[in-house]
Amino acid sequence: MNIRITGSGSYIPDTIERNEDFHQHAFLNTDGTSIDYPNEVIVEKFKAITGIVERRYAEGHLTSSDLGALAAEKAINDANIDPEELDYIIVAHNFGDVKAGAIQSDILPCLASRVKHALRIKNPKCVAYDILFGCPGWVEGVIQAQAFIKAGMAKKCLVIGSETLSRVVDKHDRDSMIYSDGAGATIIEATDDEGGILAHETASFTYDEAYYLFFGNSNNQELCRDTRYIKMHGRKIYEFALNNVPQAMKTCLDKSGVDIKDVKKVLIHQANEKMDEAIIKRFYRLYKTPVPEGIMPMSIHKLGNSSVATVPTLYDLIKNNKLENHKLNKGDVIIFASVGAGMHINAIVYKY
């Protein structure tokens, strides 16, 4: 028995927010003071670091669970399965359903229950639950689905990563330009086909690192005194990721028994172009091997950072030949890897 991704789907919102749309924002320092540079300079520096040119925002009438259901429908159709046969629906997110213009998160009922309802699945033995694991949530959901299947508790699982981060950002914070909305979904099944999940690795660093990402006050306390927004200590996250993600990826690859030279793609969480490039360089340096050309596909330039949705969306784009100069062939070994709030790190070595 092998455990494989038998179907995938993604939902990429139509609304495009370009970098120049931030030129009129009133960006402030964390203490509320004005930034010395004009917005055009701030935005250009942001682009040079993150690689982001534009990002996608969800349409006003849609919530995160709606995006997840839309991506799930595509994954179910791609896998050509009856959704009534699903044993688990696992939805990774960070903030639940936040309606456009609202300041309150809604996670009652859980998003997985909402997705199951939207898919009109009647089977009560299809268990639906959420996972809160920061940006690595979808990868962790796949690891959990694998565990259920190995334990004989499931045969088919739907794992979704969905987020509407545009609704929890502080418009007075430069970091708000990083975040975006979207959803990615996959069907994980036990099959007789060759390949699938070869190894996984997960770790949680909380002793000093738990609050590197957090919910905090707006940089403009006069206008936004009582509302909380997604905040981060960017430099600490950058250093943490560089010091820990490459080693976690190496541990995972070594467990799999696959040679580094046989890895065809590394699908890493689309958080920050410069950070991802540095992680890949350090990872290959651990094997004293040069970084192969085209090893790390990137979607962040056009889609931004949609947290739990970035990795499954990236996989779906490549699988369907929708990312220029990147494709997957039968038997290719790929690595999924992510890092995020918690701080959590995980990785999967997968044979396509």
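## Salt bridges in the model

A salt bridge is a side-chain nitrogen of Lys or Arg within 4 Å of a carboxyl oxygen of Asp or Glu. The structure discussed here is a predicted model, and it holds 11 salt bridges. Among the residues involved, Glu85, Lys156 and Glu189 are linked in a network of salt bridges. In general, side chains of opposite charge can pair when their charged atoms come close.

One of the salt bridges joins the side chains of Lys319 and Asp78, with a distance of 2.5 Å from N to O. This pair links distant parts of the chain: Lys319 belongs to helix α8 (residues 310-319) and Asp78 to helix α2 (residues 64-79), and the two are 241 residues apart. Asp78 is partly exposed, as its relative accessible area is 34%.

Another salt bridge brings together the side chains of Asp170 and Lys231, at 2.8 Å from N to O. Here too distant parts of the chain are linked: Asp170 is located in the loop between β6 and β7 (181-191), whereas Lys231 is part of strand β10 (residues 228-232), 61 residues apart. Both Asp170 and Lys231 are buried.

## A pair between a helix and a loop

The side chains of Arg114 and Asp97 also form a salt bridge, with 2.9 Å between N and O. Because Arg114 lies in helix α3 (residues 111-118) and Asp97 in the loop between β4 (88-92) and α3, the pair ties together parts that are 17 residues apart in sequence.

Buried means under 20% relative accessible area. Arg114 has a relative accessible area of 16%, so this residue is buried. Asp97 has a value of 5% and is therefore buried.

Ser162 is a residue of strand β6, which covers residues 156-164. With a relative accessible area of 1%, Ser162 is buried.

The side chain of Ser162 reaches the backbone oxygen of Ser64 at 2.6 Å. When neighbours within four places in sequence are left aside, the residues in contact with Ser162 are Ser64, Leu67, Gly68, Ala92, His93, Gly182, Ala183 and Val308.

Terms used
Residues numbered from 1 in each chain as written. Predicted model: local features only at pLDDT ≥ 70, side-chain atom pairs only at ≥ 80, totals over all residues. Heavy atoms only, no water. Helix = DSSP H or I, 4+ residues; strand = E, 2+ residues; numbered from the N terminus. Buried < 20%, exposed > 50% of the residue type's maximum accessible area, 1.4 Å probe, protein only. Polar contact = N/O pair within 3.5 Å; in protein donor to acceptor, adjacent residues only side chain to side chain. Contact = heavy atoms within 4.5 Å.
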